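Hi there,

Here is the structure I promised to send over. Have a look at it first, and then read on for my notes.

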Amino acid sequence: MALLVATSAPLDQFMVTHPDYLFGTPPEHARVNPNNPFILVNHLKCAAFELPIAEAERFGELDVRKFLAALDDEGVLHHAGRHWHWAAETYPADHTSLRTVTTDNFLVIDTTARDEKQTKRRQIIAEVDWGSAFATIYPKAIYLVESEPYEVQELHFREDEEKVAYVKRVAVDYFTDAISAKGVWILQRLAEGPPASYLAEQGEVLVAEKVVGFKKIKMGTLENVGSGEVELPQQEMQTTAAWLTVAPETLARVSSSREELIDGLRAVTYLLHHLAPIFLLCDIRDLGSWLGDTTPATSGAVATRESTKRRLMDGAQFNPTIYLYDSHAGGIGLAEHVFEILPDLLRRGLDTLETCACRDGCPSCVGPVNEVGRKAKSTARSLLRALTD
Amino acid sequence: MAAHSLDDLRRVIRRIETRRPTRPAAQPIEEVLGGELVDTGEGKLLVVRHEFPLSHRHGRQPLGAVLETPLDLLSAVARAERPVEDARRLLFLDAETTGLAGGTGTYAFLVGAAWLEDDRLILTQHFMRDFDEEPALLAALRPLLERASGLVTFNGATFDLPLLETRFLMTRRRWPATLTHLDLLRPARRVWTSCLADCRLATLEREVVGVVREDDIAGGLIPALYFDFLRSRRAAPLGRVLAHNRDDILTLVGLLGWFGKALTSREALTAGELGGLGRLWEPVDVERALDCYRAALAAGLSGAPAQAVRLNLARWEKRFARWDAACSLWEAAARDAWFDPRPWEELAKFHEHRRRDFVTAHAVVNDALGLAEDAGVASSVREAFAYRRARLQRRLLARD
């Protein structure tokens with residue numbers, strides 16, 4: 001027997017209100033995109049180490065000669081006798097992670113303990129991958145290891161440095177939550193959905209994120225008890241995404257207030273993002289979401305939620321767009337799947353919203369009221385009805 | 001691969017599509033490195049052949065010393081699975097590889113082999129000019145392996161031979177698994193661990209065989225030099241790699257000769273080597289091992305190695321109930337500049353339990369405790385002595 005104690009997360013709430021989903025769908029749908037160039041290149045390296053790759057060989061359906069030639073050019077492979085041979089001293093599988101796409105990891109080193117000579121004893125207590133490092137181990141962040149709080153003292157992230165975060169045990173009653181500014185820009189449109197009350201598209205995007213500060217949140221009560229600023233470089237990533245732009249006439253039917261619409265769309269974004277993992281069988285962190293627009297803004301200029309809202313409200317045109325993107329550089333196939341199931345996802349979203357017992361929004365459906373606004377739930381309901389017509 | 005974004009990757013791919021690098025015409029390798037291209041029937045490869053008369057000295061001894069080596073004895077002390085026999089059918093082997101990590105993606109691009117033929121040592125080096133010459137290289141090795149009755153390597157048991165075996169396997173060839181094998185690293189470790197800084201072949205060559213190499217290349221740089229050659233086709237830098245491989249094999253021959261001499265006569269051995277030789281003999285012939293230990297101490301072995309030899313020797317003397325010999329060793333060990341509780345404990349046990357001389361035993365323990373406190377040793381050691389002293393005091397009182 002297995003027991004599921006549902007939290008307030010939309011995913012869990014969906015499960016307990018729709019048990020038929022849990023028992024009625026076939027299990028497993030594990031996703032990896034072998035054609036993600038990052039994954040592919042690493043696989044080819046490991047493959048060549050095990051056995052030289054013949055010129056005529058294919059990788060599944062894929063013709064990989066270009067990639068092999070690129071690796072040859074980089075000096076990792078060497079072409080001889082109609083085969084590509086491994087031509088480096090290292091063991092490629094050592095540098096290939098099965099869990100993350102990129103391999104630069106940060107070591108989290110505890111420097112609390114000192115030995116008799118008062119020199120710092122360094123003990124590695126965790127490893128954080130490049131993608132999430134800036135959002136979790138920025139200076140002054142509280143990093144929890146086995147529920148013990150550690151404060152980050154220094155973060156070494158420059159290219160010529162060893163990637164480490166030095167932390168120290170502290171006794172605090174709060175944890176920290178990063179505040180980041182973000183931006184999503186469309187690089188290439190690869191697919192377009194059939195005409196509907198919205199335009200669904202799928203393709204490649206550039207996601208930029210910059211951690212600009214953090215909130216201190218009291219444990220237990222979750223009160224906001226302070227904040228701080230952080231100076232960290234902007235991280236950029238090319239990945240795949242699915243996005244949805246609501247037609248102006250649909251928006252006009254729902255509300256005439258841009259602010260209300262933005263709040264409602266934010267609520268829909270939250271809901272779709274939290275619900276999508278159930279269809280993709282991925283973790284919520286494997287996806288990212290963003291409410292922006294398709295107006296080409298200054299590429300690379302990130303903005304916080306507030307300034308994005310302001311920009312959307314004051315913009316000459318109003319074509320807000322919900323982005324759901326793959327959090328793994330290059331994409332692992334999640335966005336393509338989101339694009340395919342979008343109509344279904346919207347229906348499920350409406351369903352979840354309508355079965356949720358709250359009045360104005362809660363973490364189980366559209367997000368907490370004080371984050372999305374008081375009218376967000378009803379606007380989101382109208383929007384979802386219009387989108388699922 | 002350094003590409004961090006899709007654009008980087010695309011850029012690299014585009015660059016290649018427009019330009020396939022053409023290899024610069026280079027001077028033929030056989031002209032640069034010497035040797036000749038040999039057709040094995042499975043392709044060509046470069047073979048460099050050297051011959052040395054057996055009177056040739058590589059270090060202090062002539063190469064011919066190999067012929068006097070008691071191979072059965074050496075096999076036994078080296079713990080070879082089966083004894084190697086006829087010195088004239090030995091094949092000395094050393095491979096240079098594309099990586100030190102091992103695994104199927106590591107190639108042996110240069111394999112040097114040497115054997116005795118009449119009054120000469122023949123040394124051939126087999127070099128593949130590119131990965132596609134590996135079949136030729138392995139084909140060239142096969143007759144050498146088939147002719148040999150045993151292999152001699154340094155660290156071959158864990159590196160060279162498994163790697164070559166993998167190469168044979170990867171090219172669908174049978175590895176001649178019946179060969180006996182003598183890996184000189186094992187006996188070398190027994191002999192020199194305590195008296196040399198390390199047991200690398202280069203160290204042994206300098207300290208034991210007596211050769212100082214000029215301009216030797218560090219083993220760790222060899223893979224990179226080969227990769228450079230694959231790209232640039234400039235063979236000249238590889239000259240040092242071939243020289244390194246050749247010298248390694250000559251040292252292997254010299255080392256085998258050293259073992260042969262040391263096993264038959266103890267002349268000209270240092271005190272440290274005598275101690276090491278004792279360790280080599282120990283699993284095979286204890287009395288000869290003990291003779292070596294005694295000779296090492298008589299030759300003035302000092303410091304930590306001497307202490308280890310004394311205690312080990314005393315352990316055996318105790319086992320054979322040669323108490324006088326054991327006691328004098330323990331007493332010598334107890335006088336060592338560094339306080340060592342072990343000989344004190346042995347002496348205390350001997351006086352208390354064997355001779356039942358509680359007065360002397362008590363005096364020994366008292367002295368030991370005093371020294372232990374001065375030396376600031378771990379409290380558990382002091383407690384053990386204190387416990388022993390308390391018991392001795394009780395026994396002394398009971399007797400009165």
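A word on terms before the details: contact, or touching, here means heavy atoms within 4.5 Å. Please also keep in mind that this is a predicted model.

With that in hand, let me start in chain B with B:Trp192. Leaving aside residues up to four places away in sequence, B:Trp192 touches B:Cys199, B:Leu204, B:Val208, B:Leu255, B:Trp258, B:Phe259 and B:Glu273. B:Trp192 also turns up in the largest nonpolar core, which has 82 residues; B:Phe92, B:Leu184, B:Trp192, B:Leu255 and B:Phe259 are the ones that touch the most other members. Helix H9 of chain B (residues 238-264) supplies the largest share of this core, with 10 residues. As general background, nonpolar side chains in soluble globular proteins tend to be buried together.

Next, the strands of chain B. Strand S6 (residues 150-153) and S7(B) run parallel and are joined by 4 bridges, with B:Gly150 opposite B:Thr180 of S7(B). Strand S7 covers residues 180-183: B:Thr180 and B:Leu182 point one way, B:His181 and B:Asp183 point the other, and all are buried.

Beyond residues up to four places away in sequence, B:Thr153 touches B:Leu93, B:Leu161, B:His181, B:Leu182, B:Asp183, B:Leu184 and B:Leu252.

There is a helix pair to look at in chain B as well. The axes of H12 (residues 303-319) and H13 (residues 323-334) come within 8 Å and cross at roughly 155°. Angles over 145 degrees count as roughly antiparallel, so H12(B) is roughly antiparallel to H13(B). Among the residues making the contact are B:Leu311 and B:Ala314 of H12(B) and B:Leu329 and B:Trp330 of H13(B). The crossing of the two helices is left-handed.

Finally, chain A. Here 3 strands form an open antiparallel sheet in the order S1-S3-S2. Strands S1 (53-54) and S2 (77-80) are at the edges, each pairing on one side only. S2(A) pairs with S3 (residues 83-86) over 4 bridges, in the antiparallel sense, and A:Leu77 stands opposite A:Trp86 of S3(A). Helix H4 of chain A (residues 65-73) lies across S1, S2 and S3, running at about 110° to S2(A).

How values were computed. Residues are numbered from 1 along each chain as its sequence is written. Chains are lettered from A and ligands numbered from 1 in the order in which they are written. This is a predicted model: local features need pLDDT of at least 70, side-chain atom pairs count only at pLDDT 80 or more; totals for chains, interfaces and linings use all residues. Side-chain values use heavy atoms; hydrogens and water are left out. Two strands pair if DSSP finds at least two bridges between them. Axes are lines fitted to C-alpha atoms, for helices over the stretch in contact, and angles run from 0 to 180 degrees between N-to-C directions. A nonpolar core is a set of buried Ala, Val, Leu, Ile, Met, Phe, Trp, Tyr and Cys residues joined through side-chain atoms within 4.5 Å. Buried means under 20% relative accessible area, exposed over 50%, partly exposed in between (1.4 Å probe, protein chains only). Angles under 35 degrees count as roughly parallel, over 145 as roughly antiparallel, 65 to 115 as roughly perpendicular and the rest as oblique. A crossing is left-handed if the near helix is turned anticlockwise from the far one by less than a right angle, and right-handed if clockwise.
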